[in-house]
Amino acid sequence: MPKRQFDRSAMDVGNIIALEHVNVTVPDQALATFFYVNVLGFTRDPYIDWGPYNVWVNAGRQQFHLPTAKPQVLRGLIGIMVPDLEALNQRLTHMRKRLDGTDFEFEVKKKFTDITCPWGNHLRAHGPGGFGEMQLGLPYVEFHVPQGTANGIGKFYRKVMGCEVKLNKMKNVCEVSVGLEQILRFKEIRRPKPTYDGHHIAIYVSNFSGPHKYLKEHGLITEESDENQYRFQTIVNPASGKPLFEIEHEVRSLHHPMYQRALVNRNSAQTFFNYQRGRDAYMPADIESAG
Ligand SMILES: [Fe+2]
């Protein structure tokens, strides 16, 4: 009997275990909550930062952090996954009037829905599939970077951060694999926004000290937050040291007390009119029968 051959590297997991939150400031908590909770169908964190200075919004195992300040806009787009894309499209249609006068807009495409938040952040909503077992959450963030930088950014995540990185054939998009079901994507575009306004992402890494050593030696650490967290902002080409892109990373160790924190998620299919007893919580295995 011939021996079966396996590509063992196909099951490797890189050093970034999770992309946990995207932080963008918003000027109006009521409007932000309406958009992220009522319209998108996510859940306000009931325990920490529920407002009015900040609001944390749970999306599966990930979160949006929305502190109150003038709006920040991520330079790219944020992938969101919802259990029922059609239901989201209906909410977008029914609730659009309440968002008149803001930057809000949406367009239903064949496989996803493009949404602009009231302050200009671009979200791309998908139904389940393509990102492991995820049905609700943030499967990826795509950053739009200057031309000629994707290759160097890929090298940074491979060599400094210890990640699995795929560079496409044209070398103008690199994808950094995160845990089992998430991606950080860096896509070159012709005219990326030049100014960076300070929004950030939070990641958990298993090798916490390795990236820190490189970043410290190269003067790239921007904050030594505590024993379980540091921050950096500039992605450099490790071959030349040349800065390539700015995005603050909140880097956390797996010992951080919030690692794999249990997040409350509601079943957004529940309403006053179709209420089903015992179906208030989001349960991935049940969502189709509950919807
Ligand atoms: Fe954060």
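**Figure 1. Overall architecture of the predicted model.** The protein contains five helices and 16 strands, where helices (H or I, at least four residues) and strands (E, at least two) are DSSP runs numbered from the N terminus. Its radius of gyration is 20 Å, close to the 19 Å that the globule rule gives for 291 residues, so the protein is as compact as a globular protein of that length. The radius is taken over C-alpha atoms, and the globule rule is 2.2 Å times the number of residues to the power 0.38. Along the principal axes, the C-alpha trace spans about 65 × 60 × 40 Å. Residues are numbered from 1 along each chain as its sequence is written. This is a predicted model, in which local features need pLDDT of at least 70, side-chain atom pairs count only at pLDDT 80 or more, and totals for chains, interfaces and linings use all residues. Of the 291 residues, 37% count as buried; a residue is buried if 20 or more other C-beta atoms lie within 10 Å of its own, exposed if 12 or fewer, and partly exposed in between, with C-beta atoms placed from the backbone.

**Figure 2. The sheet that runs from S6 to S10.** Eight strands form an open sheet in the order S6-S7-S8-S5-S9-S12-S11-S10, with mixed pairing. Strand S6 (105-108) and strand S10 (165-167) stand at the edges with a single partner strand each, so one side of each is left without a neighbour in the sheet. On average, neighbouring strands of this sheet are turned by 20° against each other, direction ignored. Two strands count as paired if DSSP finds at least two bridges between them. S10 pairs with strand S11 (residues 173-178) in the antiparallel sense over three bridges, and Val165 stands opposite Val176 in S11. Helix H2 (residues 85-95) packs on the sheet, where it touches S6, strand S7 (113-116) and S8, and its direction makes about 40° with that of S7. Helix H3 also packs on the sheet, touching S9, S10, S11 and S12, and its direction makes about 165° with that of S10. Axes are lines fitted to C-alpha atoms, for helices over the stretch in contact, and angles run from 0 to 180 degrees between N-to-C directions.

**Figure 3. Strand S5 and its two partners.** All six residues of strand S5 (residues 76-81) are buried. Five bridges join S5 to strand S9 (residues 137-145) in the antiparallel sense, with Gly76 opposite Phe143. Four bridges join S5 to strand S8 (residues 122-126) in the parallel sense, and here Met81 stands opposite His126.

Figure 4. Helix H3 (residues 150-160) is mostly covered, as eight of its 11 residues are buried; among them are Ala150, Ile153, Phe156 and Val160. The helix is followed by Gly162, which has a positive phi near 75°. Phe186 lies in strand S12 (residues 182-188) and is buried because 29 other C-beta atoms lie within 10 Å. Residues up to four places away in sequence aside, Phe186 touches Phe143, Val145, Ala150, Ile153, Val173 and Cys174; contact requires C-beta atoms, placed from the backbone, within 7 Å. Phe186 and Tyr140 are 46 residues apart in sequence and 11 Å apart in space, C-alpha to C-alpha.

Figure 5. Another open sheet has eight strands in the order S2-S3-S4-S1-S13-S16-S15-S14, and its pairing is mixed. Its edge strands, S2 (43-44) and S14 (221-226), each pair on one side only. Strand S13 (residues 200-205) and strand S16 (residues 243-253) are parallel partners over six bridges, and His200 has Glu248 in S16 as its bridge partner. Ile203 touches Ile16, Ala18, Leu19, Glu20, His249 and Val251, residues up to four places away in sequence not being counted.

**Figure 6. Backbone features in two loops.** A cis peptide bond with an omega of about 5° joins Gly51 and Pro52, and Pro52 is found in the loop between S2 and strand S3 (56-59). Asp49 is found in the loop between S2 and S3; its phi is positive, near 50°, although Asp49 is not a glycine. Asp49 is partly exposed because 15 other C-beta atoms lie within 10 Å. Gln260, in the loop between S16 and helix H5 (287-290), has a positive phi of about 55°. With 12 C-beta neighbours inside 10 Å, Gln260 counts as exposed.

Definitions and conventions:
Contact = placed C-beta atoms within 7 Å.
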